[in-house]
Each structure stands twice: as C-alpha cells, then as structure tokens.
Amino acid sequence: MKRKDGRYLQFFPGVQGTQRVVTLPEGWLVDVTFTHVPEPHAVTVQGVTVPTLAVGARWLTLVPPQGHAALLVILNGETPVFAYADVCAATGLGEDGIPWLDDLYLDVRATLSADWTPGVPEIIDADELDTALHSGEITPEQHALAWATAREVEHQLARNTFPLLPAIQAFVSPAS
C-alpha cells in the first residue's frame with residue numbers, strides 16, 4: 001500500500017502555486033492553485049480530453065476522517081472539469097497539518113460539467129491493485145475492500161450522489 005499526501009506542489013517538478021489546508025465538516029480540504037506549470041498535462045476520460053495540470057488550474061482534494069475514498073476535483077478557472085476519487089484503506093492528518101491516505105490503487109474518475117454533474121465514471125488501475133495483491137503489499141481483504149469501495153463510488157458518481165462532491169462544490173460556491 002502506498003501512502004499519498006496533499007503535498008501537490010512538491011510532487012510535480014518545477015510546478016509552483018499556492019496551497020492551503022482547510023478543515024470542513026466533511027474532512028480536510030487541500031486547496032491548490034497552480035501559477036507555474038512547465039509541462040501542462042491532460043487526461044482522456046470516456047473519449048473526452050480534460051486539462052488537469054495547467055496554469056490557473058485549481059485542485060481541491062477532500063480527505064474525510066472516515067470512509068474509504070477521498071475526492072479530487074479539478075477546476076479550470078471557476079469551472080469544474082474533472083473528478084478523481086482515490087480508494088483508500090485509511091486517512092488521517094499528519095503532524096504537519098497535511099492530510100494523507102493509504103492508497104488502495106483503484107481510482108474512479110469522471111468528467112464534470114459546468115453545473116458539477118459527473119459524466120460516466122470509470123474505475124481505473126485494476127492492474128496496480130492486482131499487482132499489489134500478488135506481491136503481498138495488500139491483503140485479500142484490502143483487495144476486496146478496494147473493489148467494493150470503487151464500485152460504490154462509481155455507482156454514486158453515476159447517480160450524482162457521491163457525498164464529497166457537493167461538499168467541495170459548497171466550498172467553492174457558498175450559498176449567498
């Protein structure tokens with residue numbers, strides 16, 4: 001199992017920006033805005049190419065204190081474009097105030113429309129999960145948990161009921 005944390009600006013060489021951690025009722029939110037990106041990046045989800053790492057992109061990652069999925073929402077300016085859920089065994093807040101998660105390899109991703117409605121979600125990285133199981137890095141129980149969680153997140157995104165998505169939306173666009 002690999003531990004991930006919210007140090008996004010250190011993760012990408014040469015990338016610069018601002019980062020803050022905010023505590024919300026739903027968990028810890030890492031809010032990053034990129035101001036310098038040497039090499040922009042995009043992904044293709046269900047045939048749609050989405051810019052994910054570019055100048056002006058804003059990454060909002062909500063890491064709940066309980067449960068088995070964290071959610072990254074990427075905004076292009078003020079417009080949501082991408083949702084990426086990390087399936088995890090556990091989450092927490094480090095002594096340095098940065099949230100972390102113990103990644104279980106499977107991820108669920110979907111495009112987002114301007115009104116925050118998810119497109120068709122897809123589960124990715126099953127090969128990484130299987131490799132971790134066969135190498136003994138995770139247990140059979142963790143393998144089963146990853147699949148059950150990924151399927152539930154996929155189901156919730158498909159029906160626009162994944163609870164972390166409206167929490168991030170409310171943070172970005174608080175009710176007047």
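I started with the lining of the largest pocket: β9 gives the largest share, four residues. This is a predicted model, so I kept local features to pLDDT of at least 70 and side-chain atom pairs to pLDDT 80 or more, while totals for chains, interfaces and linings use all residues. Numbering runs from 1 along each chain as its sequence is written, and side-chain values use heavy atoms, with hydrogens and water left out.

I looked up the pocket's volume, which is about 650 Å³. A pocket here is an open set of points on a 1 Å grid where a 1.4 Å probe fits, with protein on both sides within 12 Å along at least five of seven lines; lining residues have an atom within 4 Å of a point. The volume is the space filled by probe spheres set on the points.

I found 25 lining residues, with K4, Y8, F11, F12 and W59 nearest the centre. The lining splits into 16 nonpolar, four polar (Gly among them by class) and five charged (Asp, Glu, Lys, Arg).

Next I checked β6 (57-63), one of the elements giving two or more residues to that lining. Strands are DSSP E runs of at least two residues. Seven of the seven β6 residues are buried, meaning under 20% relative accessible area with a 1.4 Å probe. A57, W59, T61 and V63 point one way, and R58, L60 and L62 the other.

Then I traced the pairing, which needs at least two DSSP bridges. β3 (27-36) and β6 run antiparallel over six bridges, and V30 partners T61. β6 and β7 are also antiparallel, with six bridges; there T61 partners L72.

Key: Buried < 20%, exposed > 50% of the residue type's maximum accessible area, 1.4 Å probe, protein only.
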